[in-house]
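Me: I've got a structure here and want to talk through how its parts meet. Can you take my questions one at a time?

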Amino acid sequence: MLRKVQAIIEEEQNRAGAIEMLMPTIQPADLWRESGRYDAYGREMLRIKDRHDRDMLFGPTNEEVITDIFRKSVRSYKQLPLNLYHIQWKFRDEIRPRFGTMRSREFLMKDAYSFDLNKQEARRTYYKMFVSYLRTYFRMGLTAIPMKAETGPIGGDLSHEFIVLADTGESGVFCHADMLEKAIPPIDVDYEGDLSPIVDDWTSLYAATEDMIDMEEFERDVPQDKRVAARGIEVGQVFYFGTKYSEALNAQVTGPDGKEVAVHSGSYGIGLTRIVPALIEAFHDEDGIKWPVSVAPFEVALLNLKSGEGSCDDVCESLYAQLNNGGIDVLYDDTSEGAGAKFSTADLIGIPFQLIIGPRGVKSGEAEIKHRRTGERESVPLEGAAARLSALIKPERRDKI
RNA sequence: CGGAGUAUAGCGCAGUCUGGUAGCGUACCAUGUUCGGAACGUGGGGGUCGCAGGUUCGAAUCCUGCUACUCCGACCA
């Protein structure tokens, strides 16, 4: 699942014009002294020494490193805009890690860092990431709501958190109910065009976390029957922070007028190791997980109800090959468990479709398809099973819309 | 760091109050009957009761001190 989540993020980042790279996990303390954050950052920063007794740290975030890379390699405004991202492990020595990987000290994050000549250009980049995030969560099957956010220790004046509603969420959230139904920008959205109508639309309705909520404003702007007060999981955040690091670290380019100017930056994070538990929170029932197709570990669970029985084995092996050849991810359960155990296990691990093959069906030339999400079942002829599954699965991948 | 709880078989738990050398479910092994929603019978293996010390004829159980984990608060993707 983690890899599928990562692939979706990469595709949508690339589509929005960001470029993938990889930064180190261990960073020199001197860079952080330059930005002033070495002392500003609290005990959450894990500080270590190398063999030369130099102060190092396990990166809690990467603004300093990327700004250093930028200042050493970019000289002219003609090289802008630039938006670089990486997917890398980070470490924050949390006071209290909890909820499995929801809040762990070591976690995998996608971070994009943008560099623009001025604030107007930086805002355009911010909008690209905003739209890209809407698409990214949608493709994973999640409804993520952008909410006004505090800018925190990173600083800056434009920031949104993306929140997935879940009863077990860490923070209270308040929003207009229509936020949950908004249309997602399509695959052919023009990232070079004017994105402000989309962003304006998505930020026109009230949505805020408990840290930012203004109850009077909420009650004034949102009709009573549209008020949603719930709990949510933060799955991403976008910041514009201007010249905060470029000034501290001297990241300048020569502008069109021949003068040196500090670049305007933003950063855009998605916590991959948090997305996975958020998905499980969003998609489960009393029997187990119900993965959306786009992030499921497998798309089909092929259940051989009587493995070892010649005709069942033959049919299953043929279907397994057909599905694989058709580009479908299949998990083949050919264990010697009883039928009931196989059903329950498939439900538990949440594969979106079960293709059920038993002696009864083989005799009558039929297979059964169970939709994990809805519980719906359908009978299909054995010859048509692979094609039927392919038709069910491909639109659910959400990779073409 | 403050508050609360837990630690006994691979996993989930009971037993601790009232001390007598450990049990249930599940999983595992063998075997027979089952075979489309986690089947049933019979037989079997598996535990220094978190660690260290103390009380006692005898400690999973009582006392003291540790350690680890979980939950609540402060931190945050």
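Me: What are the bounds of the two domains in chain A?
Reply: Keep in mind that this is a predicted model. Chain A splits into two pieces, with domain 2 covering 292-396. Domain 1 takes in 2-282.

Me: How far apart are the C-alpha centres of domain 1 and domain 2, and how much area do they bury between them?
Reply: The C-alpha centres of the two domains are 40 Å apart. There is contact, though: seven residues of domain 1 touch seven residues of domain 2. Of the area buried between the domains, 56% is on carbon and sulfur atoms, and the total is about 470 Å².

Me: Which residues in domain 1 lose the most area to domain 2?
Reply: Three of them together make up 72% of what the domain 1 side buries. They are Lys 4, Met 140 and Leu 279.

Me: Which residue forms a salt bridge with Lys 4?
Reply: The count between domain 1 and domain 2 is one salt bridge, alongside three residue pairs in polar contact. A salt bridge needs the side-chain nitrogen within 4 Å of a carboxyl oxygen. For Lys 4, the closest N and O atoms are 2.9 Å apart, and the partner is Asp 329.

Me: Which helix gives the largest share of the side of domain 1 that touches domain 2?
Reply: That side divides into four nonpolar residues, one polar and two charged. Its largest share is three residues, and they come from helix 1 (residues 2-15).

Definitions and conventions:
Residues are numbered from 1 along each chain as its sequence is written. Chains are lettered from A and ligands numbered from 1 in the order in which they are written. This is a predicted model: local features need pLDDT of at least 70, side-chain atom pairs count only at pLDDT 80 or more; totals for chains, interfaces and linings use all residues. Side-chain values use heavy atoms; hydrogens and water are left out. Domain bounds come from an automatic or database domain assignment. Contact means heavy atoms within 4.5 Å. Buried area is the accessible area (1.4 Å probe) that two parts lose on being put together, summed over both. A polar contact is a pair of N or O atoms within 3.5 Å; within protein, one must be able to donate a hydrogen and the other to accept it, and residues adjacent in sequence count only if both atoms are side-chain atoms. Helices (H or I, at least four residues) and strands (E, at least two) are DSSP runs, numbered from the N terminus. Ala, Val, Leu, Ile, Met, Phe, Trp, Tyr, Cys and Pro count as nonpolar, Asp, Glu, Lys and Arg as charged, and the others, Gly among them, as polar.
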